[in-house]
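Here is a short briefing on one protein chain. Look over the sequence and the fold, then read the points below.

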Amino acid sequence: MENRKILGSMFKKIIFTVLGLLVFVSSYGQEKWEPVSKDVIYKVVNNDSLMLRVYFPEKFKKRKKYPTIVFFFGGGWNSGSISQFEDQSKYFSSRGMVTVVVDYRIKNRNKTSPFEAVKDAKSAMRYLKIHAKDFGIDTNKMVASGGSAGGHLAAATTLLPGLNESTDDISVSPKASALILFNPVIDNGEGDYGYERIGDRYMEISPMHNITKGAPPTIFFLGDNDKHIPVATGKEYKSRMEAVGSRCDLFIYEGQEHGFFNKSKNKGKYYYETVYEADLFLQSLGYLKGKATITKTKI
């Protein structure tokens, strides 16, 4: 009898150990999962080859159509790298989206202006739509996103009627069906960001001045201590969006400066908060299913 008790106890310990290992392996695999990515050249202009990187969701099926989010990095149209939104891209890929980070011409590298950057952003959106079948993109569920100057480009692809590359097929719309904007350069009018480089052409390039009926649902993240984008600008944008019957969810974060949403800032606090809110926003549009797998605070 005593031997049976000992054997039973040992058996239970083995079972619990095995189960524990399975849970550990499962959670470890989820944490270490990396989406498959592919780099492609979407445009060649003035001997500059511009690329974008596509991240595919787990168990990707080419014949299936996936909601897609396209990210544009910030840097004042002067500098920057596609790595800025790598973490956001991998997260939304884990949620079942095709995600894309786009390179475009910048002043420090290409000696270009914001106008060329807008043309590149539109070219990238058109390229993705033309090649939607290759990447499994649902062109009816395409989100444009970005931070600062990249937020400007995301909005520009969808709100600006002009500034198209001469080699683009303009029969293909570059418009997104939703926007996720991180402290975006949204007003280029006199006295606002970028005006000194844009001047009297601001009406061509300023998203604030090109909001019309049919503007897509938008979520807008902004810190109230941003030296480049005043809170009043965010509120005015929301007001103009709602005036034409469009949705604009504005989130103001107390004490936060420009770029507060980057994972490298504030120990990632606002990276988690903004990505969580963006996830809820996409759920509300029917682009994502199930609960967010990220929490508002870092674990």
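In which loop is Asn266 found? Asn266 lies in the loop between β8 and α10.

This is a predicted model, in which local features need pLDDT of at least 70 and side-chain atom pairs count only at pLDDT 80 or more, while totals for chains, interfaces and linings use all residues. Residues are numbered from 1 along each chain as its sequence is written, and side-chain values use heavy atoms, with hydrogens and water left out.

**Overall**

- The chain has 10 helices and eight strands. Both are DSSP runs numbered from the N terminus: helices are H or I with at least four residues, strands are E with at least two.
- Of the 299 residues, 49% count as buried. Buried means under 20% relative accessible area, exposed means over 50%, and partly exposed lies in between (1.4 Å probe, protein chains only).
- Among contacts between residues at least 6 apart in sequence, 73% join residues at least 24 apart. A contact means heavy atoms within 4.5 Å.
- The chain exposes about 15,000 Å², and carbon and sulfur atoms supply 52% of that area. Accessible areas come from the Shrake-Rupley method with a 1.4 Å probe; for residues, only the protein chains shown count as cover.

**Helices**

- Helix α4 (residues 114-130) has 17 residues and reaches 24 Å from its first C-alpha to its last, close to the 24 Å expected. The expected span is 1.5 Å times one less than the number of residues.
- α4 is mostly covered, with 14 of its 17 residues buried.
- In α6, 11 of the 11 residues are buried, so this helix is largely enclosed by the rest of the structure. Among them are Gly150, Gly151, His152 and Leu153.
- The buried residues of α6 pack against β3, α4, β5, β6, α8 (202-205) and α9 (231-243).
- Helix α10 (residues 269-284) has 16 residues that should span 22 Å, and its end C-alpha atoms are 23 Å apart, which agrees.
- Buried residues of α10 include Tyr270, Tyr271, Tyr272, Phe281 and Leu282. Its buried residues pack against α2, β5 (137-147), β6, β7 (218-223) and β8 (248-253).

**Loop residues**

- Asn183 sits in the loop between β6 (178-182) and α7 (195-198). Its relative accessible area is 0%, so Asn183 counts as buried.
- Asn164 is in the loop between α6 (149-159) and β6. It counts as partly exposed because its relative accessibility is 25%.
- Asn164 and Lys122 are 42 residues apart in sequence, yet 6.9 Å apart in space, C-alpha to C-alpha. Lys122 is also one of the residues that Asn164 touches, along with Lys119, Arg126 and Ile170, not counting residues up to four places away in sequence.

**Positive phi outside glycine**

- Lys59 has a positive phi of about 60 degrees although it is not a glycine. Its place is in the loop between β2 (48-56) and β3. Lys59 counts as exposed, at 73% relative accessibility.
- Asn266 has a phi near 55 degrees, a positive value in a residue other than glycine. Asn266 counts as partly exposed, at 38% relative accessibility.

**Pocket and cavity**

- The second largest pocket has a volume of about 280 Å³. Of its 16 lining residues, the closest to its centre are Lys64, Tyr66, Pro67, Arg95 and Gly96.
- β3 (66-72) and α2 (86-94) each supply at least two residues of that lining.
- On a 1 Å grid over the protein atoms alone, a pocket is an open set of points with protein on both sides within 12 Å along at least five of seven lines, while in a cavity a 1.4 Å probe fits but cannot get out; lining residues have an atom within 4 Å of a point.
- The structure holds one cavity of 30 Å³ or more. The largest cavity has a volume of about 50 Å³. Its lining includes Pro184, Asp187, Tyr193, His228 and Thr233.
- A volume is the space filled by probe spheres set on the grid points, which are joined across faces, edges and corners.
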